[in-house]
There are 2 protein chains.
Amino acid sequence: MPNPAVSIDQLSIDTIRLLSVDMVQKANSGHPGLPMGAAPMAYVLWSKFLRFNPQDPKWPNRDRFVLSAGHGSALLYSMLHLYGYDLSMEELKNFRQPGHRTPGHPESNVTPGIEVTTGPLGQGFANGVGMAMAEAHLGAMYNKPGFEGVQDHYTYAIVSDGDLMEGIAAEAASLAGHLQLGKLIFLYDDNDISLDGPTSLAYTEDAMKRFDAYGWHTSHVKDGNSIDEIEAAIKAAQEVKDKPSIISIKTIIGFGSPLAGTNKAHGSPLGPDNVKKAKEFFGWDPEATFVVPNEVYEHLRQPGQKGAELQKEWDAKFKEYEASFPAEAEQFHVSFNGNLPEGWDKDLPVYTPADGKLATRQASGKALTAIKKAVPFMFGGSADLASSNEMDKSGDDSFQPGHYERSNIWFGVREHAMGGIMNGIAHHAGLRTYGGTFLTFSDYMRGAIRLTALAESASTFVFTHDSIGLGEDGPTHQPIEQVTSLRTVPNIVVLRPGDANETTEAWRIAMNTPKSPVCLILSRQGWLPFDQSVLTPAAGNVQKGAYVLSEAQGGTPELILIGTGSEVPLALEAQKVLQAEGTPTRVVSMPSWELFEHQDKAYREQVLPRNVRKRVSIEAGSPIGWSKYTTDEGASISMNRFGESAPADYLMKEFGFTVDNVVKVAKGVL
Amino acid sequence: MPNPAVSIDQLSIDTIRLLSVDMVQKANSGHPGLPMGAAPMAYVLWSKFLRFNPQDPKWPNRDRFVLSAGHGSALLYSMLHLYGYDLSMEELKNFRQPGHRTPGHPESNVTPGIEVTTGPLGQGFANGVGMAMAEAHLGAMYNKPGFEGVQDHYTYAIVSDGDLMEGIAAEAASLAGHLQLGKLIFLYDDNDISLDGPTSLAYTEDAMKRFDAYGWHTSHVKDGNSIDEIEAAIKAAQEVKDKPSIISIKTIIGFGSPLAGTNKAHGSPLGPDNVKKAKEFFGWDPEATFVVPNEVYEHLRQPGQKGAELQKEWDAKFKEYEASFPAEAEQFHVSFNGNLPEGWDKDLPVYTPADGKLATRQASGKALTAIKKAVPFMFGGSADLASSNEMDKSGDDSFQPGHYERSNIWFGVREHAMGGIMNGIAHHAGLRTYGGTFLTFSDYMRGAIRLTALAESASTFVFTHDSIGLGEDGPTHQPIEQVTSLRTVPNIVVLRPGDANETTEAWRIAMNTPKSPVCLILSRQGWLPFDQSVLTPAAGNVQKGAYVLSEAQGGTPELILIGTGSEVPLALEAQKVLQAEGTPTRVVSMPSWELFEHQDKAYREQVLPRNVRKRVSIEAGSPIGWSKYTTDEGASISMNRFGESAPADYLMKEFGFTVDNVVKVAKGVL
């Protein structure tokens with residue numbers, strides 16, 4: 001039985017705490033300490049500030065809430081249940097069990113009300129920054145005199161010591177300060193404990209001073225159990241309009257349990273005895289589990305009911321907006337529904353050899369320019385390589401304080417934050433996002449790319465300078481393993497287009513792929529677009545992942561050359577030589593393994609027939625994985641080692657990416 | 001002709017500048033801006049502070065210098081040439097050309113005098129922190145009363161805007177401040193320009209205040225051309241013994257050229273006209289290239305000559321040390337030569353099934369404990385997962401200010417910095433390093449792992465919780481793609497041992513692999529060690545990458561089951577069933593693809609004979625790459641999607657990692 005002697009505030013907080021404790025204990029797995037320490041700040045935020053409607057978790061103008069410290073998922077599930085979201089007590093009782101909505105860490109595509117998938121530390125921090133950037137941009141796009149609230153919401157997060165130690169958070173924080181994101185408010189659960197012990201052993205910086213340096217508003221709450229202190233600090237943060245805010249709230253991990261204040265309360269269940277003692281500490285019946293007093297249910301349903309009213313008002317106002325600004329309103333709907341403007345792709349560029357040599361990065365730049373014209377809700381940029389990635393290089397058009405209407409993001413040299421911010425923008429909804437850097441530096445972003453894939457969200461990554469073909473910068477910058485290693489990520493689409501027209505198609509696919517990250521793998525160096533009057537056109541075929549670009553003489557191949565990216569033209573040249581020498585040779589362009597694997601068996605058999613087993617793949621990257629397509633009787637021309645600093649032409653020759661070598665290897669397998 | 005009217009200091013600086021400019025122009029590729037702006041600070045540092053001996057670039061007590069902004073490599077090559085290292089003018093003239101010692105970015109295994117391979121931003125910053133940690137630890141290990149200089153040197157670096165924007169630098173900076181690394185001094189080339197334009201568009205934090213917050217000593221040099229100001233600031237930094245220092249030096253990128261102060265001077269050659277104008281600006285003959293006045297050669301040889309004297313003194317003192325502390329001196333030699341103490345591995349644990357179930361992470365913990373006893377120069381730790389990685393959990397034994405003699409590093413939740421710091425420790429020499437985290441978070445560290453591999457350096461990565469076998473934490477923490485994606489990195493060794501004895505061997509291999517990073521892929525869950533009285537023993541076999549763990553009945557297999565890690569016991573169980581049903585089945589344990597590929601053809605044929613093509617691989621990770629080993633007639637039991645939050649046993653069953661399913665798939669290929 002809960003303690004009747006306390007206020008409804010306190011009773012609610014203790015209910016959140018003890019529900020979380022019971023969840024972890026029943027699952028015999030999880031993190032009880034964070035919910036026990038952070039329940040008061042979560043309660044104050046959700047009950048007194050957060051605008052949300054549990055009946056419509058996708059209301060476009062809701063406040064966003066991110067639990068960056070995703071290991072405290074029990075807290076979030078308790079909150080969602082108590083505040084009226086579609087998450088039953090049965091789900092709480094099945095915490096971390098298969099087929100339920102309460103996985104070990106929050107997953108946005110599993111549980112209504114979860115804004116973004118978190119757990120790997122630092123990601124949620126960057127996601128929150130991305131959401132606040134999205135809000136600022138959308139507000140500037142859609143709000144009009146008399147309609148200041150089309151987009152006007154806060155983004156809140158609870159962040160932990162671990163989040164603040166991660167580099168991705170530092171990168172995102174620096175950018176957020178620069179951008180003066182006044183509606184971003186983070187609550188820092190400052191409990192002095194990380195998994196291995198006291199933070200004093202590794203983390204003694206003055207974190208709030210650091211955020212001061214980034215240009216944030218900072219404040220301290222000395223007692224993390226004080227509702228009033230927390231409320232005052234959040235109010236003060238809301239008053240600061242031109243800076244993001246972080247409130248350092250001193251809490252006690254595992255508060256109320258005998259393990260309070262130690263890392264033993266961090267990552268393991270408290271144990272039955274300690275659970276009982278915690279319940280006694282709060283004046284509750286030590287034997288009862290999963291208890292929610294009726295008055296708590298009633299009390300905690302109120303903010304959501306208020307939110308439903310707010311949404312009703314917003315809906316009514318939006319109706320007026322539709323009347324006054326029909327085009328904007330239409331676009332708002334289209335974008336928030338994840339759709340694209342009709343005919344958005346009709347002006348995508350098409351090329352002939354007469355257009356001259358083009359690097360696929362250049363073709364990407366042209367496609368992106370056309371898309372941005374047709375899709376006004378594109379919002380992305382580069383990690384300080386816009387000029388190399390062939391993106392908008394004009395600082396004048398960059399998203400900046402005072403110019404939130406601009407759509408070109410200058411991420412700075414912050415690849416990992418770029419990935420996390422893109423993920424936040426995508427989860428916010430209402431915008432389509434893209435980001436560019438060198439392919440080699442995709443290594444810096446994998447944590448973010450993975451979560452985009454896991455959450456079935458969308459981001460388009462523009463990875464240029466995709467092989468030793470980048471030349472003199474040398475092996476530190478020459479990707480070898482990156483294309484293959486990206487392919488290993490589940491639910492990803494990796495596309496390495498073979499010419500300018502394939503690049504246009506790659507962008508079309510990226511725009512039409514709402515539930516996977518898409519990586520565009522693009523060359524520094526250029527070559528002529530394929531002659532589509534002779535060869536199979538890219539449109540309609542790139543989307544199949546692989547297709548017969550050039551059929552063998554007579555239609556029955558003895559050999560198949562499979563190329564990707566800058567190696568496709570090499571395959572075409574080698575085909576000529578081989579056919580002249582009497583070997584009917586097919587050239588398959590294979591921009592995407594994943595898309596090819598999604599085709600039916602008949603199509604796959606058509607492109608790579610079982611009985612044509614003499615095959616050679618040509619890709620200036622790792623050989624790993626190619627044998628599936630080249631068969632036991634084939635071979636791969638690939639990179640088994642790091643490259644070298646030298647002009648690109650030299651390197652291509654040195655490492656066997658020549659017509660002569662392709663012909664030689666082909667003869668070896670025949 | 002150089003300008004005779006200036007001081008020798010100025011003439012030297014201008015020589016460095018113009019040599020760099022000529023290198024970039026001749027290569028028609030590279031970054032002239034940084035050398036032109038940062039030449040004064042480099043000159044002051046090398047001429048007035050840095051203790052080095054160009055005749056012996058590996059002198060153990062030399063000061064370390066890192067060019068974190070590796071794109072400014074022309075600066076470093078100019079310096080190495082002028083200060084007397086083994087880098088000829090011919091090499092400078094062949095900047096960025098194949099077969100030369102002057103690659104696009106500095107590579108420590110290519111050029112004498114380069115301490116560490118840099119270029120990807122932020123890495124050199126973390127490397128420097130690692131070097132300073134190594135120095136502090138070695139000093140505490142070896143210095144004795146009367147012998148305070150066995151290890152007593154500074155670590156310097158030049159870092160750029162881009163370095164400071166990177167998260168890895170933020171992580172490393174926070175740890176360096178915590179550790180009070182007084183002999184770490186960074187010069188920040190604060191030139192307000194990054195590749196895409198002015199830093200004011202993305203980077204407006206108060207960086208020095210941020211470093212204050214980390215616990216660093218900070219100072220400003222207003223005029224980056226002022227030798228006196230720079231000298232005074234470095235002197236002041238040396239006086240601060242209990243804090244790392246960063247000196248923000250305001251410079252002008254491309255100083256002296258018409259493109260000065262713009263991003264046009266950043267990443268492209270100046271162009272012939274601008275080169276001439278720059279030479280005119282400095283009062284030099286605009287037509288002459290690669291000019292070094294004799295007096296500059298003479299002047300710049302002096303610091304190295306002084307360094308040679310210093311080393312001579314150090315050598316003499318070390319002779320005395322050898323007499324007084326023979327054991328320490330011997331160990332010092334052994335470790336700095338990259339060797340191990342004789343018999344270091346004689347107490348490595350060996351297991352029988354009677355030892356009970358063991359997770360390979362536990363076996364790793366036991367091996368590491370044995371190694372640390374036998375090898376006193378192990379220096380590593382965990383990114384706040386020591387308890388999960390089965391490392392030393394005792395904060396009492398952690399490397400801390402005032403206790404630099406301790407060898408257990410608490411990296412904090414800073415995976416990327418951990419990788420970069422390990423790389424710095426390894427490049428410092430004198431220590432062997434290792435670091436642990438969850439395998440999933442290897443994603444955060446790839447930038448650092450790659451450079452370790454490229455530089456042919458050594459680090460042992462302890463990656464635990466290696467599959468869906470981690471259970472309830474769910475898909476955010478369950479690796480799927482990581483093992484495969486690590487395998488794609490050139491010059492890496494990935495080892496996923498199949499039981500406790502294989503884990504011991506994996507550690508033995510890691511310790512004996514001086515020129516590659518080694519990733520140990522370890523399970524959360526446990527099983528019985530294989531019975532080595534019946535099965536092929538691990539010792540001597542794991543090092544071959546794959547071996548016949550259990551031969552088929554009768555010795556001639558119809559089927560080969562290939563397993564790694566926690567899936568090897570499954571293969572053994574399935575073997576029993578299949579053999580009972582009449583199929584002679586071989587089980588191959590394949591802990592490492594890379595090591596197997598290094599075996600000769602005869603051995604590979606012996607383990608995986610060409611004529612036994614019915615093969616099934618079992619690995620709870622990505623299928624990519626397995627078809628090379630399973631052939632066109634085989635199959636892979638693997639993970640094609642993300643996992644789920646549930647108990648491990650449930651997941652293993654759900655995703656087909658059961659004896660029944662292995663038998664079923666095997667029958668399918670037979």
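**Group meeting: a two-chain predicted model**

Okay, so chain A averages a pLDDT of 97, and 100% of the residues score at least 70; pLDDT is the predictor's confidence in each residue, from 0 to 100. The model itself scores ipTM 0.98 and pTM 0.98.

Quick housekeeping. This is a predicted model, where local features need pLDDT of at least 70 and side-chain atom pairs count only at pLDDT 80 or more, while totals for chains, interfaces and linings use all residues. Residues are numbered from 1 along each chain as its sequence is written, chains are lettered from A and ligands numbered from 1 in the order in which they are written, and side-chain values use heavy atoms, with hydrogens and water left out.

How do the two chains relate?

Now cysteines. Counting pairs of cysteine sulfur atoms within 2.5 Å, we get 0 disulfides over all chains. A:C519 counts as buried because its relative accessibility is 0%, with buried meaning under 20% relative accessible area (1.4 Å probe, protein chains only). B:C519 is buried at 0% too.

The largest cavity has a volume of about 110 Å³. Of the 14 residues lining that largest cavity, the closest to its centre are A:D63, A:F65, A:Y85, A:G113 and A:E115. (A cavity is a set of points on a 1 Å grid over the protein atoms alone where a 1.4 Å probe fits but cannot get out; lining residues have an atom within 4 Å of a point.)

Terms used. Buried means under 20% relative accessible area, exposed over 50%, partly exposed in between (1.4 Å probe, protein chains only). On a 1 Å grid over the protein atoms alone, a cavity is a set of points where a 1.4 Å probe fits but cannot get out, and a pocket is an open set with protein on both sides within 12 Å along at least five of seven lines; lining residues have an atom within 4 Å of a point. Grid points are joined across faces, edges and corners, and a volume is the space filled by probe spheres set on the points.
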